[in-house]
Amino acid sequence: MAQRDAPPLSGYRPIGATVAQRADPDSPRDWRFAAGDGTRAEVALLAADLARVRLLPPGCVPAPSWAVVRAEAEWPPVAVRVHEGENGTLTLTTDAIRIAIAPAPLRLSCSWPDGASFAEDDSALGMGFVAAPGPQDIPDPLLPAGSVRCSKHLAPGERILGAGERTSALNRRGERLVFWNSDPPQPHGPDTRAMYVSIPFWLGMRGGRAYGIFLDSVWRTELDAGATHDDRLTFAADGGDLTYYIFAGPTPAAVLARYAELTGHMPLPPRWALGYGQSRWSYFPEEQLREVAAGFRSREIPCDTLWLDIDYMDGYRVFTFSPRRFPAPGRLIGDLAQQGFKVVTILDPGVKVDPTDTTFSEGLARDYFVRRADGMLFTGVVWPGDSAFPDFSRAEVRAWWGERQRVLLEAGVAGVWDDMNEPSLTDRLAPDGDTPHGATLPLDAVHRPEGADGPALPHRAFHNAYGMQMARASFEGLARQRPAQRPFVLTRAGYAGIQRYAAVWTGDNVSRWEHLRLAARMCLALGLSGVPFAGFDTGGFWDDASGELLVRFTQLGAVFPFFRNHSALGTLAQEPWAFGQPFTSFCRAAIALRYHLLPYLYTAFAEAAETGAPIARPLAYAFPDDAALADVDDEHLLGGDLLVAPVLEPGQPRRFVQFPAGAWVDWQTGERVLGPVRRRVDSPLDVLPLFARAGAIVPLGPVMQHVGERPEDPLTLVCYLGPEDGAEATGRLYEDDGETPAYREGAFRWTRFVARRAGSSVTLRAEPERGAFAGAPRAWVAELHLPYGGDARQAIAAAQVNGQPLDASACEIAPRRYETLLRLALGQITAPFAITVRLA
Ligand code: GLC
């Protein structure tokens, strides 16, 4: 533990000497600590690698969590060895962590089984709270009275990753971050401290190992990751209790897996939500939407979703359609459905104060809106003018809101886009136009989570959960009304656990080059914060895009989980064809690549849903041992096997790529690069630098105009085999019906593929792993990519499928500069199957 003099923090009361006690005399996993001044603390081991620590200032009771889905009693018993040392130090040891607790003063320190320590309390500051200033004290604005805090040691070279939606570089060391859902001042930049989504969960990386900390508080919280003192990390909440979790890892994947168990897994979205989406503020009247739809189909640019922004509503009243602009929404949406489009509509939390509007009058009559501290209805100005705000902390309000969505569903709307739910009171349309960005409900506005007669919860103690609970209302409403379909919700605001209800997009970016990098960073950080399904406004929201910028943005969007083009009122059109050729073709190619990758991408979604692993993974996540990769934020892995190095700057026909260890195969040329190495690669405007891990089998589908246009038939297994005898390649495929929640009851199928070289033959096997989903029969194609070094070309001497010879006409050999590509059309077969190719 770091030693230093008493802290110069006014009003801060670090917890001092405590008496330790087992919470349950028979259980070694739950400990209580009581200090003389009435402050209490708790340490509970929920799993071998997961501990919860709690500080309760005098009189404070722990608030129920909005994030955690698994109560303490639901965690299976943990084997904990307890050791009480002579100096009073209590040591709790599991297979994954050792927590040493010095009771006087109370200080915690963790270590991994080999003794290397992490998350050590700062010896002087530990955890504590800020007392109300006495008459002599000068209040410190950075230390609000009633705030709770914890300070820990930062080791030399330690990196802090994640911490929610962030615009700054991957490593947060040296920064002070605020968690307070905000519609930030425009445009946001690398220095913006608080964004729309707040997730106080981060990874500490020490010498290739990872641990995690999750501060579970929806108050305004902060993380000082060595900004004030280089070797000290402090996290704080403006009030309430201090509850935080320690994850022992020691890999980033292990931390995220546990975090997903604690805060919930992402459910699988409908498969169409992985397709490309076209949005604009706003397409209207309906003829314009029809034109956009026709624009995609006539140009053969794949697209699944069309988005209606606020102008579809009648005077911005939620749950209405403008009778003038969209007189027959059901017919419109039905016609678009015929062409394979889904329509998603925006919803804002602000309900127009208008006694003739049912949402308002019903909400008011039932007392469902947030009130001011003096009991009057709170109203704030958003799009429709004076608006009231539903109290989404209440179950019956969420249920009502979900039910109100029926208006949209009856018209055939496929999904809901929850916006401005920080909640934001910034009205860019207001005549005076200058409501400050970041304006929100008054901090003392009243929520009543337990119902109209229940106790009041001030907005300051609920703020960061507001958007998430709106998304929950949307999600649960969709699930209730359409039980046979998976809900799709997109949200701008969120808190830890938002992955259970919605995909997140990163809000109002700008059509500027700098914003490509910010977009990538924000989504990578969200992935490390338990939100796998994230994306950004492709093309940029504010300002005008250019052809080149749009192409690069589209290429970037194609390799992030959520892929939608969106732009603001008054900006140049930026549909993929808006800038003419060659940009249209280049955008089409990027979108087509997305559809080609769909089976692979859907598999990555399923993995994320099962394990909490990000879909777009920073290299530091996948290769924590490689210091050269620790700060790379302009490349990422899509799933486990594809390395993407999108171009984020103008006029860049070549860029440097940092290759991780292993061999990487250029998607276009087949050239193999042996990592770890930094190399320049070609990146002309029509190329998105993309590499497959040698040793991977990547399942690809046929390009379609929309997901489900026709069966995914044939499915191509692209095998990147090494040249050496015994070389192996592996891959997986996840399948289900893509639409219904039946996968939750086992209607899915994981298939595993293994290819192996043995002497002069190659075998490829497909083996069902798990799941009962049958699926329709389909044809398969095997593509064997064999590196070519200028020696004699390999050819196919004979090929067999399940022991039967494959006709020569089904085999194709394509000699390429760096590889020989053997293509085998296997016909209609079902796994398990095996093919053998004898090479000549
Ligand atoms: C907000 C949203 C943006 C939307 C606009 C109008 O700025 O972030 O996506 O287009 O409101 O609804």
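Predicted model: local features only at pLDDT ≥ 70, side-chain atom pairs only at ≥ 80, totals over all residues.
A residue counts as buried when its relative accessible area is under 20%.

**View 1. Tyr276 and Phe296, two buried aromatic residues.** Tyr276 has a relative accessibility of 0% and therefore counts as buried. Phe296 is likewise buried, its relative accessible area being 0%.

**View 2. The aromatic pair of Phe214 and Tyr495.** By the pairing rule, which asks for ring centres within 6.5 Å, the count of aromatic pairs comes to 48. In the pair shown here, the ring centres of Phe214 and Tyr495 are 6.5 Å apart and the planes stand at 45°, so the pair is tilted. This pair links distant parts of the chain: Phe214 belongs to strand β17 (residues 209-215) and Tyr495 to strand β31 (residues 494-495), 281 residues apart. Phe214 and Tyr495 are both buried.

**View 3. The aromatic pair of Tyr276 and Phe296.** The two residues of View 1 return here as a pair: their ring centres are 5.8 Å apart and their planes are at 50°, so the arrangement is tilted. Distant parts of the chain are linked by this pair, since Tyr276 lies in the loop between α1 (252-263) and β21 (277-278), while Phe296 lies in helix α2 (residues 286-299), 20 residues apart.

**View 4. An aromatic cluster.** One cluster is formed by Trp66, Phe319, Phe360, Tyr368, Phe369, Phe392, Trp400, Trp401, Phe462 and Tyr466.

**View 5. Arginine residues over tryptophan rings.** Arg564 lies over the face of Trp307, at 4.7 Å from the ring centre. In the case of Trp780, the charged end of Arg778 sits over the ring, 5.3 Å from its centre.

How values were computed:
Residues numbered from 1 in each chain as written. Heavy atoms only, no water. Phe/Tyr/Trp six-rings, centres within 6.5 Å; stacked < 30°, edge-to-face > 60°. Helix = DSSP H or I, 4+ residues; strand = E, 2+ residues; numbered from the N terminus. Buried < 20%, exposed > 50% of the residue type's maximum accessible area, 1.4 Å probe, protein only. Lys NZ or Arg CZ within 6 Å of the ring centre and 35° of its normal.
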